Number of protein chains: 2
Amino acid sequence: MQKRSQSTLEPRKSPVQARSAASVEAVLKATIQVLLKAGRERLTTTRVAARAGVSVGTLYQYFPNKSALLRAALQRHMDEIVSAMETVCREQAGSSLETMATALVTGFLEAKMRDPKTSVALYAVSSDVDGARISREMGMKANRAIVAMLATAKDELTSEPQMVAAMLQATMAGVSRRLLESASPEEDYEKLRDELVFLARAYLRACTKDRARYTQPSPHVSASGAAAS
Amino acid sequence: MQKRSQSTLEPRKSPVQARSAASVEAVLKATIQVLLKAGRERLTTTRVAARAGVSVGTLYQYFPNKSALLRAALQRHMDEIVSAMETVCREQAGSSLETMATALVTGFLEAKMRDPKTSVALYAVSSDVDGARISREMGMKANRAIVAMLATAKDELTSEPQMVAAMLQATMAGVSRRLLESASPEEDYEKLRDELVFLARAYLRACTKDRARYTQPSPHVSASGAAAS
DNA sequence: CCATTAGATGAAGGAAGCTTCAGGTTGGGA
DNA sequence: TCCCAACCTGAAGCTTCCTTCATCTAATGG
């Protein structure tokens, strides 16, 4: 059986001696490297094991199957990002909305860019069924943190905090993806970050004013207008 | 040879009779369906052919290999989205920036939501090496269209048009992804769209004002602040 | 109505990949 | 030092998949 779609997610064995912990670490690192060098399609358990300097058998001692390996790598990365965001949200409790925006964007991008290659490699994993589930769960966790932070803001929000948080998340995700997939992420980093901060602030500022004034000031484009010649 | 990473991208044979065109169409449709029902991992050429109601041989008459099949499906979808955006951009030449924002967001989301399932299915393809290339190329094409539109705006932009266009694209991509991966895209559609319009307008409005006023009005968070406990 | 070309078929070759397991090695406690 | 559990190894079984090609059917045009 080559594919056991559902199976125990967790390592089948927890490392107790030092060398086995090192093996697990090496395997997870190798997973990312292979993902980057060979792509998701050509990632094989044998190749990962070879790159990690262990044998396939060792790999299977800690991960029940290939898919669990990929999930573990994704989970680890997402956990880092989310907990960075939670930290920021905790720190910014009671600030102004604009300060929050700045801190959130800065913190998020910094976490993502701490290891850009890992982020890029894992995009290929997160678009698979299981990966999507993990992403969704992590997204909800981050959402709760942001909403909680927004609730403590000095200025008053005139829109639903959940929606605002969702927009901020989606925007940050979109921009960071563009950044990571650009030719030279490191180079464009500061510029895009500053612009994203600018955007987030503009958005939150607008969210403190009376929305009605800004919602319909110019003729709405008809839904079918885009299709017309 | 199971994998011929690089190969002619195009159909090896162009359909001349009606029935073959129907086959190609059926195969492409089936590709999406299989992608959705089975996932990228379990998508096999045989399965696609079966679902399309043709034999594998027929599939291989029009697509040199599996990867070309997936690329073709992705390309077709992206072409639709991009040309919808180009149309919008052409139509909005000379409008105000805020009108442009509304039209662009509306047009983009409408195109994406015309066939949400296809969009969702193809996320799995676009994160592969070849898919990423196609995405990048299409992104650049859309970028040019947006920049051209912005250049004709009645109001004056105080930031680089390319950056503004990039931010709009990244934001739209992020929000549409969130939308498509939500539990019920159709349900959240209008609400998220309206909020995205609101955000885009707030951003562009801010881009017409003197940026300096908004760039540093509150204490900047230090880069390492996020990591501190 | 026949010849020629376009289109369709699906069994089979051959290459990989996933996962197991029987047997070897290492390390720590008694 | 000795023993046992933890750990590691990698060849091989079994499955699945991609792709080809010899053969058959349908359409087109003369």
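Helix 5 of chain A passes helix 8 of chain A in a right-handed crossing, a crossing being left-handed if the near helix is turned anticlockwise from the far one by less than a right angle and right-handed if clockwise. The model is a predicted one, in which local features need pLDDT of at least 70, side-chain atom pairs count only at pLDDT 80 or more, and totals for chains, interfaces and linings use all residues. Residues are numbered from 1 along each chain as its sequence is written, while chains are lettered from A and ligands numbered from 1 in the order in which they are written.

Helices (H or I, at least four residues) and strands (E, at least two) are DSSP runs, numbered from the N terminus. Helix 5 and helix 8 of chain A pack at an angle of about 40 degrees, with their axes 11 Å apart; axes are lines fitted to C-alpha atoms, for helices over the stretch in contact, and angles run from 0 to 180 degrees between N-to-C directions. That angle makes helix 5 of chain A oblique to helix 8 of chain A, since angles under 35 degrees count as roughly parallel, over 145 as roughly antiparallel, 65 to 115 as roughly perpendicular and the rest as oblique. From helix 5 of chain A the contact draws on A:L104, A:V105, A:F108, A:L109 and A:K112, and from helix 8 of chain A on A:L168, A:M172 and A:S176, two residues being in contact if their C-beta atoms, placed from the backbone, lie within 7 Å.

Between the chains, the contact takes 50 residues from chain A and 50 residues from chain B. On the side of chain A that touches chain B, the largest share, ten residues, comes from helix 8 of chain A. By class, this side of chain A has 25 nonpolar, 14 polar and eleven charged residues, where Ala, Val, Leu, Ile, Met, Phe, Trp, Tyr, Cys and Pro count as nonpolar, Asp, Glu, Lys and Arg as charged, and the others, Gly among them, as polar.
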